[in-house]
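Student: Hey, could you walk me through this one? I'd like to start with the helix packing.

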Amino acid sequence: MLEIFVLSVGRQEKDFIDRNTQMTISEWQVAIHTLAVSKGWYDGPRGVPELLCLIHSEVSEALEAYRDSPEDHLSNLFSEELADIFIRLADMADYLEIDLEKAITKKYEYNKTRTFRHGNKRC
Ligand SMILES: [Mg+2]
């Protein structure tokens, strides 16, 4: 069991992450943002455009990792960049008090009702 002391604003409590237990997206969102706060990334207000750009930078890093060795897309580097994308997304969502798990569920349910290729879009 990994012990993490939670320092997030408004969430001053002790938290525990059990590596043997599956965490929900909501739990990850809170843990990721709490860690970012504790590491000083929210000492001042952050803008949504900046946070979106940071997500985009991780997407670009994933692209570069893939381009460097497309035959090795299971490499640690590519996986790490995909994880960075999720971490940045979850961090921003929690900062903005968006329940990412709820939003994903809602959009997933909507997507199930959409037509094949959303009206014959090519990609
Ligand atoms: Mg990265």
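Student: What's the mean pLDDT of the chain?

Tutor: The mean is 87, with 84% of the residues at 70 or more; pLDDT is the predictor's confidence in each residue, from 0 to 100. Residues 1-14 fall below 50. Where pLDDT is low, the predicted coordinates should not be read in detail.

Student: OK, helices. How do the axes of α2 and α3 cross?

Tutor: Helix α2 (residues 48-68) and helix α3 (residues 76-95) have axes that come within 8 Å and cross at roughly 170°. That makes the two roughly antiparallel, the word for angles over 145 degrees. Helices here are DSSP runs of H or I, at least four residues, numbered from the N terminus.

Student: Which residues meet there?

Tutor: On the α2 side they include Leu51, Leu54 and Ile55, and on the α3 side they include Leu77, Phe78 and Leu82. Contact means C-beta atoms, placed from the backbone, within 7 Å. The residues of this contact divide into 13 nonpolar, no polar and five charged.

Student: And α1 against α3, at what angle do they cross?

Tutor: Roughly 90°, with the axes of α1 (residues 25-38) and α3 coming within 8 Å. They are therefore roughly perpendicular, which covers 65 to 115 degrees. Among the residues making the contact are Trp28 and His33 of α1 and Ile87 and Tyr95 of α3.

Student: Which residues of α3 are buried?

Tutor: Phe78, Glu81, Arg88, Ala90, Asp91, Met92, Ala93 and Asp94. Buried means 20 or more other C-beta atoms within 10 Å of a residue's own, exposed means 12 or fewer, and partly exposed is in between, with C-beta atoms placed from the backbone. What covers these residues includes α1, α2 and α4 (100-113).

Student: Switching topic: what's the phi of Glu97?

Tutor: Near 60°, a positive value in a residue other than glycine. Most residues other than glycine have a negative phi. Glu97 sits in the loop between α3 and α4.

Student: Is Glu97 buried or exposed?

Tutor: Exposed, because Glu97 has 7 C-beta neighbours inside 10 Å.

Student: And what about the phi of His118?

Tutor: His118 is not a glycine either, and its phi is positive, about 50°. His118 lies in helix α5 (residues 117-120).

How values were computed. Residues numbered from 1 in each chain as written. Predicted model: local features only at pLDDT ≥ 70, side-chain atom pairs only at ≥ 80, totals over all residues. Axes fitted to C-alpha atoms, helices over the stretch in contact; angles between N-to-C directions. Parallel < 35°, antiparallel > 145°, perpendicular 65-115°, else oblique. Contact = placed C-beta atoms within 7 Å. Nonpolar A, V, L, I, M, F, W, Y, C, P; charged D, E, K, R; others polar.
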